[in-house]
Amino acid sequence: MNEALAFFNPMRRLGFGKNSIFLPILGSILVLTLVELIATHTQISPNSASAIIISSSILLVVYFSFRDGIRGGILSAGIVFLYYTYVIFTRVKMPQREAGIQSAIFLTGMYIAIGLIIGWLKQSIDQLILKEKNARLLVEEERLRLKNILEHLPIAIRIVDVKEKKIEWNKKLEELLKKKFGGNFESDVRYIAEHELRNGHTLNVNDLILMKSLKSKKKINASEIEYLRDDKKKLLLKINASPIFNKNRQLTSVVSVLSDVTLEREMQERKNTFINMASHELRTPLTSMKLYLNLLFKRSQEINNNSLSTLISNLILQTERLQQLASDLLDASRIQTGKLHFEKQEFLLNELIFEVGSLFEEVRHDKKIIVKNAKPILVNADRFRIYQVLTNLITNAIKYSDKGDKIIIQSKRIDGAAEVSVKDFGIGIEEGKKNKVFDRLYQIKDGHDRTYPGLGMGLFISKEIIKKHKGKIWVESQKGKGSTFRFTIPLSG
Ligand code: ADP
């Protein structure tokens, strides 16, 4: 019944997209046959019969143009015209026939005009509805596609739909947090706040990364946040949230990505503990070894055994390198755990530079170490750590340049800070690698894929030390011509 209604009701067929040819023809023939039967087999006057014929013709054209568009209206008008011709030829006598034909043509012209207007309106409405339907379909498809992608992403994602005020999530998030969201927004947010911890304390709703991003409409990156799951398992999460805007720059959603770094952090801690222990354990035997070697060196000199002295002094050099490696390892692991301590004090930077310069001059006769423009500059810094930075830079300058080359150390005041430079005329550094040399464990390979001895930690440690002093460290260099490493530290007071 409903289907039959939908078939005949022109309103329900709007936007249907299909127009019939047969129904306007068949329907018009049927209705006009009925009208003909009424006109001929009942006692109504000829005027009433004409009125019935004209009004049913108009209704037919209006109905079929509204139901089946321009074509429906014109087909119906055509059938009406044929019927009028039939009536004129069967009932109107000769002298009036011509006038009758003229009226029939005039009326049909009017019906066609009505059919065209209504049909055109109907077709335009159809098109509009179809367009909207397609657009809605496209949006739905796009939404489903996105949902599918999110669902299969290997990262946990949480989306706040600002308009609908609800939280959507993907399977990975459900697996990670063992929780389904998507209920009431306020209770979901409260749940998250109750499970996220910073320094052991639960968070305030307003301190949640997603709420901060929602309020500020900015991207927020959170360092690690602890998450206590309902099954009491503690996770370490890295969370970042980004706002998404529509074309009119209105906030539509906030997407937060959660990465589980629990295992990574555990492994890192284990590795740091191991390095810490290993370098500690290495330091004691190395110190004793160096003491004994120094003793042996003295003895060998006393007995004038030069070849033995050279051998032992080589051993001392290697032991010192081992000591340096152990202490670099320890420092790097302390930097990672934030346990590298500093004790600031006021001291004269130029004095420290002279001290380090002379020390190197004493042991490295093959290099010319020149200290230039060393005017007194009072700085406020950790003397031992700045000594360490200078030693690293000078050791590198020696290591990466040829025998007999000069190394120039300079210091000056610049913009409220002290700037120190260590210049060598050695192998230099390629443009693209200048920043990378300060990365942990980074070493440049030479053309034959060989590296100089070392661990690639000296510059990393130096950078961290200078960073802790709120200074800067950088390098100016040209491949094959040499490098100048510079750093700044704050002046005293
Ligand atoms: P390493 O123990 O390898 O010397 P560093 O952290 O001190 O580690 O240096 C990292 C890398 O930077 C070195 O391997 C080297 O390739 C490059 N480098 C450092 N200083 C210089 C320099 N003065 N000249 C050329 N290259 C340098």
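**The ligand site, a surface patch and salt bridges**

Reader: How far is a polar side-chain atom of Ser483 from a nitrogen atom of the ligand?

Author: The distance is 3.4 Å, from a polar side-chain atom of Ser483 to a ligand nitrogen. A polar contact is a pair of N or O atoms within 3.5 Å; within protein, one must be able to donate a hydrogen and the other to accept it, and residues adjacent in sequence count only if both atoms are side-chain atoms.

Reader: And how much of the ligand's accessible area does the protein cover?

Author: On its own the ligand has 530 Å² of accessible area, and the protein covers 96% of this. Such areas come from the Shrake-Rupley method with a 1.4 Å probe, and for residues only the protein chains shown count as cover.

Reader: What kind of model is this?

Author: It is a predicted model, in which local features need pLDDT of at least 70 and side-chain atom pairs count only at pLDDT 80 or more, while totals for chains, interfaces and linings use all residues. Residues are numbered from 1 along each chain as its sequence is written, and side-chain values use heavy atoms, with hydrogens and water left out.

Reader: Back to the ligand: which residues around it come nearest?

Author: Asn396, Tyr400, Asp424, Gln443 and Leu459 come nearest, out of 19 residues around the ligand. A residue counts as near if one of its heavy atoms lies within 4 Å.

Reader: What is the make-up of that shell by class?

Author: The shell holds ten nonpolar, seven polar and two charged residues. Here Ala, Val, Leu, Ile, Met, Phe, Trp, Tyr, Cys and Pro count as nonpolar, Asp, Glu, Lys and Arg as charged, and the others, Gly among them, as polar.

Reader: How far is Asp424 from a nitrogen atom of the ligand?

Author: An N or O atom in the Asp424 side chain is 2.9 Å from a ligand nitrogen. Lys399 also places a polar side-chain atom 3.0 Å from an oxygen atom of the ligand.

Reader: New topic: which residues form the nonpolar patch on the surface?

Author: Ile74, Ile112, Leu116, Ile117, Trp120 and Leu121 form this patch, with about 550 Å² of accessible area together. Patch residues have over 30% relative accessible area and no salt bridge; like charges are joined within 9 Å, nonpolar side chains (Val, Leu, Ile, Met, Phe, Trp, Tyr) within 5 Å.

Reader: Which helix gives the largest share of the patch?

Author: Helix 4 (residues 94-152) gives five residues. Helices (H or I, at least four residues) and strands (E, at least two) are DSSP runs, numbered from the N terminus.

Reader: Is Leu116 buried or exposed, or partly exposed?

Author: Leu116 counts as partly exposed, at 38% relative accessibility. Buried means under 20% relative accessible area, exposed over 50%, and partly exposed in between (1.4 Å probe, protein chains only).

Reader: How many salt bridges are there?

Author: The count is 22, a salt bridge being a side-chain nitrogen of Lys or Arg within 4 Å of a carboxyl oxygen of Asp or Glu. In one of them, the closest N and O atoms of Arg136 and Glu132 are 2.6 Å apart. These two residues are four apart in helix 4, which means that about one helical turn separates them. Arg136 is exposed, at 53%, whereas Glu132 is partly exposed, at 47%.

Reader: What does Arg383 form a salt bridge with?

Author: The partner of Arg383 is Glu355, with 3.0 Å between the closest N and O atoms. Arg383 lies in helix 11 and Glu355 in helix 10 (residues 349-363), so the pair ties together parts that are 28 residues apart in sequence.
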